[in-house]
Amino acid sequence: QILYLKPPWTLANLLKCYKKHWMAVFGYVVPRSLLSTIECLYKHLCTGKTVDSSTAGILLQESKKLLHAFSSRSDYNGVLPRAYAEVNKLYQTLTEQDLSEDIMVLSENAVCEKMEAMTPNLQNTEEKKSHPSFHVAQENRHQEIWSVLEAVWNTINLYSVEVFQKLGPNAVTFTAKSLFEEAFLGLQKLLAAVNDIREGISR
């Protein structure tokens, strides 16, 4: 009856309504700290900014967090679990894409390293140490390895949450069976990828 913007809503209108009525309405339904999630979504989705893949991952996680919070109130005639499943699918696709790209980069670098190892080293250690580009290359290499491991961790964490929520005593009721199975199969695939990375590091 009393609403900042009348329906039908765009996404921007909806997020504005959330912000306007947060303290009086929504803050009593979900944790008030989630206002930062609303502001994050509005800032990146409704201001014409270009969103890169890492930001997209954050926005999808924030969206999941918001949908998860509202699920404690209602499933909204099945709309909420369907929305959650779609957002989760998008996030998994994005994460798997990033992980594949990172693993590909790591594999290419491993091949380059083998080729370099076979090439006679014409510079002594002191010359290498004094060359600034050598240090930069080493630092970039470390960052690449770190980003792959971080992507692996994020994917494991995502799938594990889905699996353990399903198995735990406080299971989320709207987690679809297909989503649980997808997470379980994803963990099996990820295990093989992690083993490949471990063998690469050992080599």
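Guide: Before we start, helix axes here are lines fitted to C-alpha atoms over the stretch in contact, and the angle between N-to-C directions runs from 0 to 180 degrees. Keep in mind that this is a predicted model.

Visitor: How do helix 2 and helix 3 sit, roughly antiparallel or oblique?

Guide: Helix 2 covers residues 35-45 and helix 3 covers residues 53-71, and their axes lie 10 Å apart at an angle of about 140°. Roughly antiparallel takes an angle over 145 degrees. So helix 2, relative to helix 3, is oblique.

Visitor: And which hand does the crossing of helix 2 and helix 3 have, left or right?

Guide: The contact there brings in Thr37, Ile38, Cys40, Leu41, His44 and Leu45 from helix 2, with Thr55, Leu59, Glu62, Ser63, Lys65 and Leu66 from helix 3. Those residues sort into 6 nonpolar, 4 polar and 2 charged. As for the hand, helix 2 passes helix 3 in a crossing that is left-handed.

Visitor: How are helix 1 and helix 2 oriented to each other, oblique or roughly antiparallel?

Guide: Helix 1 is residues 11-20, and its axis comes within 10 Å of the helix 2 axis, crossing at roughly 150°. The crossing is left-handed. Anything over 145 degrees counts as roughly antiparallel. Helix 1 and helix 2 are therefore roughly antiparallel.

Technical notes
Residues numbered from 1 in each chain as written. Predicted model: local features only at pLDDT ≥ 70, side-chain atom pairs only at ≥ 80, totals over all residues. Heavy atoms only, no water. Helix = DSSP H or I, 4+ residues; strand = E, 2+ residues; numbered from the N terminus. Parallel < 35°, antiparallel > 145°, perpendicular 65-115°, else oblique. Left-handed = near helix turned anticlockwise from the far one by under 90°. Contact = heavy atoms within 4.5 Å. Nonpolar A, V, L, I, M, F, W, Y, C, P; charged D, E, K, R; others polar.
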